Amino acid sequence: RTLMKRADLTEEEMKRVCKDCGCTWKQPDQVLGKKEFQQWSQSLRNSLVYKELVMKKSMAAYETAIGYLRQEIPSDLKKFAIVDSGWLGSMQFFLARLLHSMGFQGEIEGFYFGLYTVPSDYKSGKYYAWYFDASTGAADKASFCNNLFECLLGAPHGMTTAYVSNGNGFSPVLQAAENYSFFSSREEALLQYTKNRLETTDFDHFQEKEQKEQTRKLIRRYMMYPSQEEVKFYGTLRFSDDITALYTSFLVESNYKELLRNCLISRRILSFLKISKRSRPTPYWPYGAIAFLPQWKKWWYRKNVYWWEWIRCYIIGRNS
């Protein structure tokens, strides 16, 4: 169900796709293992019904999205910037494709907190990152948790799911916001902190290396070595790893011990090499879950998480 919902299919359309793929609709909420996921994905690729529905919905969504962009970004604009947290530069890449399809010829510049890699298409504009980018060493990335970062710095409103014409123009359709009061109050505190820093920073003598080192120390402390009190508070924030945000989970679930076992490098390798057919989920904030372990276990699990992330980020950097 979740897989097909990413294409915005209705329940009836999902059943039509299932029939075309030769499947039943008896267990739409069954969790798929890796092999089952791959088989189902291949069935969707071969389904003419699925392709027809996706194309129809894409064309409808394209018209309203382009209407919104024309309203917000003049076609004769020479340059504009977008700001986002990161991590792969895909939003800027697809935004550029949409803009170019409507005749936009200006320059796009993207400013990000961190980038693991960026699209190679020069037409998508320039990418700038503050904390790390594709050329940065893997150490900063391995101690970083972008899931926690997004929960801390997410907007207080819900995710944009579509655009609609309202007679006087176009406006975004937003999902309902979870924990609105928390995010709203947290946003006020963050904006006040930012205002104070801007007022006390001497930009005529700005020391980038010193600022980055301060950022590094703060991030490593609260992301990699949080206290149990911090994890009890921030671990209850809800995160979704699905583009539709149809489901959410706590950053640190109550079954964190079971999930942490999947962070051991031995299990990761079995899963990576597809020797293990089981789905092996891990905590959204592994370092947070580690805070609840006995002291003698913390070192071992923290090293397993860190070195796996280091290897993964190193490979991504080399490929970039």
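Predicted model: local features only at pLDDT ≥ 70, side-chain atom pairs only at ≥ 80, totals over all residues.
Start with the second largest pocket. Its volume is about 1,600 Å³. The lining has 36 residues, and Phe 113, Leu 153, Leu 190, Tyr 193 and Thr 194 lie nearest the centre. By class, 23 lining residues are nonpolar, 7 are polar and 6 are charged. Helix α8 (180-200) is among the elements that supply at least two residues each. The largest share, 9 residues, comes from α8. Strands β1, β2 and β3 also supply at least two residues each.

Side chains of opposite charge can pair when their charged atoms come close. Glu 109 and Lys 79 meet in a salt bridge, at 3.6 Å from N to O. This pair links strand β2 to strand β1, across 30 residues of chain. Glu 109 counts as buried because its relative accessible area is 11%, under the 20% cut-off. Lys 79 is partly exposed, at 47%.

Glu 107 forms a salt bridge with Lys 126, with the closest N and O atoms 3.4 Å apart. Here strand β2 is linked to strand β3, and the two residues are 19 apart in the chain. Glu 107 is partly exposed at 27%, and Lys 126 is partly exposed at 41%.

The structure holds 10 salt bridges. Another one joins Arg 221 and Glu 230, at 2.6 Å between the closest N and O atoms. Arg 1, Glu 11 and Asp 29 are linked in a network.

Phe 111 lies in strand β2 and is partly exposed, at 36%. With Val 83 and Tyr 128, Phe 111 forms a nonpolar patch of about 300 Å² of accessible area together.

How values were computed
Residues numbered from 1 in each chain as written. Heavy atoms only, no water. Patch = residues over 30% accessible without salt bridge, like charges linked within 9 Å, V, L, I, M, F, W, Y side chains within 5 Å. Areas by Shrake-Rupley, 256 points an atom, 1.4 Å probe, with all protein chains shown as cover. Salt bridge = Lys/Arg side-chain N within 4 Å of Asp/Glu carboxyl O. Helix = DSSP H or I, 4+ residues; strand = E, 2+ residues; numbered from the N terminus. Buried < 20%, exposed > 50% of the residue type's maximum accessible area, 1.4 Å probe, protein only. 1 Å grid on protein atoms, 1.4 Å probe; cavity = no way out; pocket = protein on both sides within 12 Å on 5 of 7 lines; lining within 4 Å. Points joined across faces, edges and corners; volume = space filled by probe spheres on them. Nonpolar A, V, L, I, M, F, W, Y, C, P; charged D, E, K, R; others polar.
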